[in-house]
Amino acid sequence: MAVVDNRKKRRIYLFVIVAAVTIVAIYSYCVDTLQSVLAPKCFFLMLTGWKCPGCGTQRALHELVHLNIGGVWHTNPILFLAIPYMLLLVYLTYFGGERRFPRLNEAVYSSRGVMTVFYIIVAYWVLRNVFGF
């Protein structure tokens, strides 16, 4: 019975993830976030004038669904690391990756792994404001 429940849970997770990605992709494809009033603006950027690590993500997703890789790089280059990393996290967490690759799971969820991601994000945050990318 437990095997059936796990399969059901995985299917539900997969459905929710695919539905969420599909909704974001359709929104990103149809709405030009530079022109739309519906697109939320970055509160940190409005307050300080500095870009946060997430600034440009909406525009980058808009460029990605239009297959403009250069546009993605121009608006938020950290997505080239973030998207595969998030896919890895989803696989490890919801689709049995923690059992198949226990050492990878340990490394990703260890304090060293989490702090590495944190330092990458902070470094990106500082560098993008210092060098203007």
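The second largest pocket has 16 lining residues, and Pro-40, Lys-41, Cys-42, Gly-56 and Arg-59 sit nearest its centre. A pocket here is an open set of points on a 1 Å grid over the protein atoms alone where a 1.4 Å probe fits, with protein on both sides within 12 Å along at least five of seven lines, and lining residues have an atom within 4 Å of a point. This is a predicted model, where local features need pLDDT of at least 70, side-chain atom pairs count only at pLDDT 80 or more, and totals for chains, interfaces and linings use all residues. Residues are numbered from 1 along each chain as its sequence is written, and side-chain values use heavy atoms, leaving out hydrogens and water.

**Second largest pocket**
- Its space comes to about 280 Å³, a volume being the space filled by probe spheres set on the points.
- The lining splits into 8 nonpolar, 5 polar and 3 charged residues.
- α3 is the top contributor to this lining, with 3 residues.

**Largest pocket**
- About 460 Å³ of space lies in the largest pocket.
- Val-21, Leu-61, Ile-83, Met-86 and Leu-87 are nearest the centre, out of 16 lining residues.
- α1 (2–30), α3 (57–65) and α5 (79–94) each give two or more residues to that lining.

**Helix packing**
- Helices α7 (residues 102–109) and α8 (residues 111–131) pack at about 55°, axes 4 Å apart.
- That makes α7 and α8 oblique to each other, the class left over once angles under 35, over 145 and from 65 to 115 degrees are taken out.

Key. Nonpolar A, V, L, I, M, F, W, Y, C, P; charged D, E, K, R; others polar. Axes fitted to C-alpha atoms, helices over the stretch in contact; angles between N-to-C directions.
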